[in-house]
2 protein chains.
Amino acid sequence: MLIRSPAELGAILRDRRRKLKLDQSTFAKRIGVSRQWVIEVEHGHARAELGLILRALDALDIRLDASIEPAPARGATRPAVDINAIVAKARKKKA
Amino acid sequence: MLIRSPAELGAILRDRRRKLKLDQSTFAKRIGVSRQWVIEVEHGHARAELGLILRALDALDIRLDASIEPAPARGATRPAVDINAIVAKARKKKA
DNA sequence: TTTGTATGTCGGCGTTCGATGACATTCGTG
DNA sequence: CACGAATGTCATCGAACGCCGACATACAAA
């Protein structure tokens with residue numbers, strides 16, 4: 001399963017949790033977070049803590065693997081339009 | 001590359017950034033974060049935001065893959081001693 | 001030595017996390 | 001229907017995030 005966004009990660013966590021017949025409460029206790037946290041992460045919370053995410057994955061026996069992208073597609077010719085970065089910056093300025 | 005902890009993730013990010021000949025400043029600008037953030041994450045900051053981490057990985061053409069652990073090793077017979085969770089809870093109580 | 005580059009550190013600040021606890025909604029079952 | 005279980009929502013609050021700006025250190029080159 002490729003992970004590209006917090007939402008995808010959340011979906012993976014939810015599917016796996018359900019496959020293991022765990023409800024949110026017991027899952028939360030098992031990894032040392034609140035049930036609220038589980039809900040938000042499963043819904044794709046982008047600002048969740050990295051450490052807690054890794055604990056959650058571990059608790060569900062999910063392995064994370066990092067590898068170099070086969071097709072960069074981000075060639076030196078492309079000006080690189082980073083929508084995420086732009087949106088994040090824009091939100092900051094407004095607030 | 002297997003990712004088990006924020007520190008391992010940080011090392012991977014740093015190695016890849018250096019391979020691409022990027023310094024922390026330009027890398028930070030490229031993903032829309034501060035240079036401080038890059039420093040902390042590369043040092044294994046556990047509470048970094050998930051969304052920013054994913055952006056950083058993407059900027060370095062690193063793909064994240066999730067797969068079920070071949071050997072659970074976390075059988076139903078094990079009482080499950082979650083050191084991470086215990087430590088996290090202990091820190092909360094003290095503070 | 002002086003200059004420049006890359007990295008790490010410090011204090012302060014506004015924003016938002018994650019925890020808690022209560023309540024709401026939707027199920028399926030007795 | 002009533003009850004419990006699972007999930008989602010809300011308000012509150014201390015703690016920590018990530019940012020900024022300045023400074024510190026290290027190393028290389030002129």
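Trainee: How are residues and chains numbered, and what pLDDT do local features need?

Mentor: Residues are numbered from 1 along each chain as its sequence is written, while chains are lettered from A and ligands numbered from 1 in the order in which they are written. Side-chain values use heavy atoms, with hydrogens and water left out, and in this predicted model side-chain atom pairs count only at pLDDT 80 or more, totals for chains, interfaces and linings use all residues, and local features need pLDDT of at least 70.

Trainee: How many salt bridges are there over all chains?

Mentor: A salt bridge is a side-chain nitrogen of Lys or Arg within 4 Å of a carboxyl oxygen of Asp or Glu. By this rule, the count over all chains is six.

Trainee: Which helices hold Glu42(A) and Arg14(A)?

Mentor: Glu42(A) and Arg14(A) form a salt bridge, with 2.8 Å between the closest N and O atoms. The two residues are 28 residues apart, and the pair links distant parts of the chain: Glu42(A) is in helix H3 (residues 35-42) of chain A and Arg14(A) in helix H1 (residues 6-19) of chain A. Helices here are DSSP runs of H or I with at least four residues, strands are runs of E with at least two, and both are numbered from the N terminus. The helices asked for are H3 for Glu42(A) and H1 for Arg14(A).

Trainee: Is Glu42(A) buried or exposed?

Mentor: Buried means under 20% relative accessible area, exposed over 50%, and partly exposed in between, with a 1.4 Å probe and protein chains only. Glu42(A) has a relative accessible area of 8%, so Glu42(A) is buried.

Trainee: Why does the pair of Arg47(A) and Glu49(B) join two chains?

Mentor: The closest N and O atoms of this salt bridge are 2.4 Å apart. The pair joins two chains because Arg47(A) lies in the loop between H3 and helix H4 (50-59) of chain A, and Glu49(B) in the loop between helix H3 (35-42) and helix H4 (50-59) of chain B.

Trainee: How many salt bridges are there between chain A and chain B?

Mentor: Glu49(A) and Arg47(B) meet in a salt bridge at 2.4 Å, N to O. Glu49(A) is in the loop between H3 and H4 of chain A, and at 19% relative accessibility Glu49(A) counts as buried. Between chain A and chain B the count of salt bridges is two.

Trainee: What is the area buried between chain A and chain B?

Mentor: The size of an interface is often given as the accessible area lost when the parts come together. Buried area is that loss on putting two parts together, with a 1.4 Å probe, summed over both. In this model 41 residues of chain A are in contact (heavy atoms within 4.5 Å) with 41 residues of chain B. Carbon and sulfur atoms give 55% of the buried area, which is about 3800 Å².

Trainee: Which element gives the most to the surface near DNA strand C?

Mentor: A residue is near a strand if one of its heavy atoms lies within 4 Å of it. There are 19 residues around DNA strand C, and among those that come nearest are Ser34(A) and Arg35(B). With three residues, the element that gives the most is H3(B).

Trainee: How far is a phosphate oxygen of DNA strand D from an N or O atom in the side chain of Ser34(B)?

Mentor: Sugar and phosphate account for 67% of the atoms of DNA strand D that come within 4 Å of the protein. For the side chain of Ser34(B), the distance from an N or O atom to a phosphate oxygen of DNA strand D is 2.4 Å.

Note on methods. A polar contact is a pair of N or O atoms within 3.5 Å; within protein, one must be able to donate a hydrogen and the other to accept it, and residues adjacent in sequence count only if both atoms are side-chain atoms.
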